[in-house]
Amino acid sequence: GSETGWLSPAVIRTWRARGWRVLGLHPVNDAPGRHLLERGGADLVAPDSTHPEQLIRAIAAWSTVPMESTGGATFTTVTGARGAPGRTTVAVALARSFGSGTLLLDADPLPNVGPALGLGPGPHLGDLMDGLKADAGFVGLAHPGDGLAVLCPESGDHPLLGPLLCELAMGARAEFAHIVLETGPPGPGL
């Protein structure tokens with residue numbers, strides 16, 4: 001729950017979409033942690049004071065009820081050396097070729113997708129993550145046409161850029177059929 005800073009309802013929904021069962025334990029008086037687990041659709045939400053035998057019985061009961069995976073989004077990553085021509089053009093073309101239900105995520109520390117599509121500056125990466133934690137969806141999602149959704153966060157040189165973008169992409173798996181990431185040059189953060 002709230003003790004796990006990287007957990008969000010979107011991540012739980014992604015796990016569920018992959019066919020995973022989710023047992024959410026939260027501290028007894030942690031209402032925000034309990035709500036986070038409930039909003040994400042955890043199979044069982046219980047206080048951490050729950051007797052282990054009760055948890056084992058609940059988990060054993062899950063094995064009698066099959067759960068289907070809904071798959072989740074396919075990922076396509078476009079990367080290349082800094083200054084390499086065509087990276088953004090290829091990412092936009094690929095995203096448009098997938099059609100409706102596609103998210104184009106600009107994960108480059110020096111974002112170019114937004115300007116290439118005539119979009120204004122996107123939301124700050126921190127605001128996006130706060131929106132996911134609050135289960136408010138993707139703040140600042142642009143729709144330039146063709147059923148394409150575009151997210152161009154103002155990431156800059158954030159020390160946790162890689163993990164935050166990973167959580168953002170994981171959260172998007174339950175919402176989109178295809179995700180195209182324009183990551184910029186490979187490096188230690190990505």
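**Salt bridges, sheet and cores of the predicted model**

Arg 34 is partly exposed, with a relative accessible area of 30%; buried denotes under 20% relative accessible area, exposed over 50%, and partly exposed the range in between (1.4 Å probe, protein chains only). The structure is a predicted model, in which local features need pLDDT of at least 70 and side-chain atom pairs count only at pLDDT 80 or more, while totals for chains, interfaces and linings use all residues. Residues are numbered from 1 along each chain as its sequence is written, and side-chain values use heavy atoms, with hydrogens and water left out.

The side chain of Arg 34 forms a salt bridge with that of Glu 38, at 3.4 Å from N to O. A salt bridge is taken as a side-chain nitrogen of Lys or Arg within 4 Å of a carboxyl oxygen of Asp or Glu. Arg 34 and Glu 38 are separated by about one helical turn, because they are 4 residues apart in helix α2; helices (H or I, at least four residues) and strands (E, at least two) are DSSP runs, numbered from the N terminus. Glu 38 has a relative accessibility of 41% and therefore counts as partly exposed.

In the whole structure, 6 salt bridges are found. Side chains of opposite charge can pair when their charged atoms come close. One of these salt bridges joins Glu 175 to Arg 13, with the closest N and O atoms 3.8 Å apart. This pair links distant parts of the chain, 162 residues apart: Glu 175 is in the loop between α7 and β7, and Arg 13 is in helix α1. Glu 175 is partly exposed at 44% relative accessibility, and Arg 13 is partly exposed at 25%. Asp 43 and Arg 21 also meet through their side chains in a salt bridge (3.5 Å, N to O). Here the distant parts of the chain are 22 residues apart, with Asp 43 in the loop between α2 (31-40) and β2 (44-47) and Arg 21 in the loop between α1 and β1 (23-26). Asp 43 counts as partly exposed at 25% relative accessibility, as does Arg 21 at 29%. A network of salt bridges links Arg 16, Arg 21 and Asp 43.

Helix α1 (residues 9-17) also contains Val 11. At 5% relative accessibility, Val 11 is buried. The C-alpha atoms of Val 11 and Glu 167 are separated by 7.4 Å, although these residues are 156 residues apart along the chain.

Five strands are arranged in an open sheet of order β3-β7-β4-β6-β5, with mixed pairing. The edge strands, β3 (74-79) and β5 (142-145), each pair on one side only. On average, neighbouring strands of this sheet are turned by 25° against each other, direction ignored; axes are lines fitted to C-alpha atoms, for helices over the stretch in contact, and angles run from 0 to 180 degrees between N-to-C directions. Two strands are considered paired if DSSP finds at least two bridges between them. β3 and β7 pair in the parallel sense over 6 bridges, and Thr 76 has Val 180 as its bridge partner in β7. β4 runs parallel to β7, joined by 5 bridges, and parallel to β6, joined by 4 bridges. The bridge partner of Leu 105 is Leu 181 in β7 and Leu 151 in β6. In β7, 6 of the 7 residues are buried. Helix α4 (residues 87-98) lies across β3, β4, β6 and β7 and runs at about 180° to β7.

The largest nonpolar core has 20 residues, and those with the most contacts inside it include Leu 103, Leu 105, Phe 138 and Ile 179. Such a core is a set of buried Ala, Val, Leu, Ile, Met, Phe, Trp, Tyr and Cys residues joined through side-chain atoms within 4.5 Å. Two or more residues are given to this core by each of β4 (102-106), α6 (125-133), β6 (148-151), α7 (161-172) and β7 (178-184). Helix α7 gives the largest share, 5 residues. A second, separate core of 12 residues includes Val 78, Val 92, Leu 104 and Leu 148.

How values were computed. Contact = heavy atoms within 4.5 Å.
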